[in-house]
Amino acid sequence: MAFSRSISVSFFIFILFAVLINPAISSRVSSFIKLPVTVHESRSSSVASYCESWRLSVETNNAGSWKVVPSKCVSSLETYYNRGQFDKDYNVVANYALAFAKTIKIGGDGKDAWVFDIDETLLSNLEYYKANGYGSVPYNSKTFNEWVVQGTAPGFDASLKLFNGLKKLGFTIILLTGRDEAQRSITEKNLLDAGYSGWEHLLLRGDEDQGKAAAQYKSEQRSRMVKKGFKLHGNTGDQWSDLQGFAVADRSFKVPNPMYFIA
Ligand SMILES: [Mg+2]
C-alpha cells in the first residue's frame with residue numbers, strides 16, 4: 001500500500017514537472033497564475049515607458065520650452081542613440097524630405113533653395129553631449145564653444161544622403177546657424193571634413209543678431225533670402241525655432257533631438 005502511494009506521488013510530481021517545463025503549457029499557466037515580477041524590473045520598465053512618452057512630447061513640441069533632460073531619462077537617451085534608433089528615425093525624416101524634394105520642378109535659375117540648420121542637423125555634437133549627461137545638465141556655452149572650435153563634429157549618414165540628394169536634384173543649399181560669425185572658418189572646415197560641400201550661403205549670427213531669439217533671428221535671415229529671390233521649398237532643423245516664425249519654407253522637416261531645446 002505504502003509502495004503504491006509512493007508510486008502515485010512520484011507520478012504526480014513527474015506530470016507536474018512535465019507540465020511546467022512545457023513552454024506552451026507553462027505560458028498558459030503563467031497567464032492565469034501571476035508570477036512574481038521583481039520590483040526593480042517593473043520600475044525600470046515604467047521609467048523607460050515614461051521616457052518614450054517624454055521624448056515624443058518634446059519632439060512634437062507639446063512640451064514647449066524645456067530646460068534639461070529628466071535625469072531618470074538619461075539611460076533611455078543613451079539607448080536611443082547607442083542602439084541606432086536615432087539614426088533610423090533621422091533616415092526616415094531624410095527619406096520623406098527627399099520624396100518631397102522630388103516633387104519640385106526645379107527652375108534652373110538657382111533660386112530653388114533648401115535651408116539647413118547645422119548643429120544636430122548636419123553636424124553631430126553627440127560626443128560632447130555624451131560627456132555632459134546627454135542634456136541632463138544645464139547648457140554651458142563656454143564648454144560647448146570649446147568643443148565647437150575643435151571642429152571635429154561628424155556628419156550623420158541621413159543628413160549627408162539628404163544634402164547630396166538635394167544638390168543632385170538641383171537645389172541651392174542655404175546653411176543657417178545660430179553659431180557666431182567668429183566661428184565661420186572652423187564651421188566651414190568642419191563641414192568640409194564631415195563630407196559637405198557646395199552650399200551657396202552660410203549664414204551665421206553677426207553683431208546685430210546677438211541676443212535675438214533663435215526663431216526671430218532665423219526668420220529674419222530667411223526673409224533676406226526670400227527678398228533675394230530664393231524660393232524656400234524645404235527647411236531641415238532639429239529645433240522648432242529653426243522651422244517656425246516668418247518666411248517659413250513650404251515644408252519643414254524636424255530632425256529628432258531630445259537632448260536640448262532652443263527657444
Ligand atoms: Mg541645430
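Ile173 touches Trp114, Phe116, Phe163, Leu166, Lys167, Gly198, Trp199 and Glu200, leaving out residues up to four places away in sequence. Touching, or contact, means that the C-beta atoms of two residues, placed from the backbone, lie within 7 Å. This is a predicted model: local features need pLDDT of at least 70, side-chain atom pairs count only at pLDDT 80 or more, and totals for chains, interfaces and linings use all residues. Residues are numbered from 1 along each chain as its sequence is written.

**The chain as a whole**

- The chain holds 11 helices and 5 strands. Helices (H or I, at least four residues) and strands (E, at least two) are DSSP runs, numbered from the N terminus.
- Of the 263 residues in the chain, 29% are buried. A residue is buried if 20 or more other C-beta atoms lie within 10 Å of its own, exposed if 12 or fewer, and partly exposed in between, with C-beta atoms placed from the backbone.
- Take the contacts between residues at least 6 apart in sequence: 76% of them join residues at least 24 apart.

**The largest nonpolar core**

- The largest nonpolar core has 44 residues, and Ala113, Val115, Phe116, Ile173 and Ile174 touch the most other members. A nonpolar core is a set of buried Ala, Val, Leu, Ile, Met, Phe, Trp, Tyr and Cys residues joined through C-beta atoms within 7 Å.
- Several elements each supply at least two residues of this core, including helix H3 (39–59), helix H8 (157–169), S1 and strand S2 (172–180).
- H5 gives the most to this core, with 5 residues.
- In soluble globular proteins, nonpolar side chains tend to be buried together.

**Asp112 in strand S1**

- Asp112 belongs to strand S1, which covers residues 112–116.
- Asp112 counts as buried because 21 other C-beta atoms lie within 10 Å.
- Beyond its neighbours within four places in sequence, Asp112 contacts Ile104, Ile106, Gly107, Gly170, Phe171, Thr172, Lys231 and His233.
- Asp112 and Gly234 are 122 residues apart in sequence, yet their C-alpha atoms are 9.4 Å apart in space.

**Strand pairing around S4**

- S1 and S4 pair in the parallel sense over 5 bridges. Two strands pair if DSSP finds at least two bridges between them.
- Within S4, Lys231 stands opposite Asp112.
- S4 also runs parallel to strand S5 (residues 251–254), joined by 4 bridges.
- Gly237 has Lys254 in S5 as its bridge partner.
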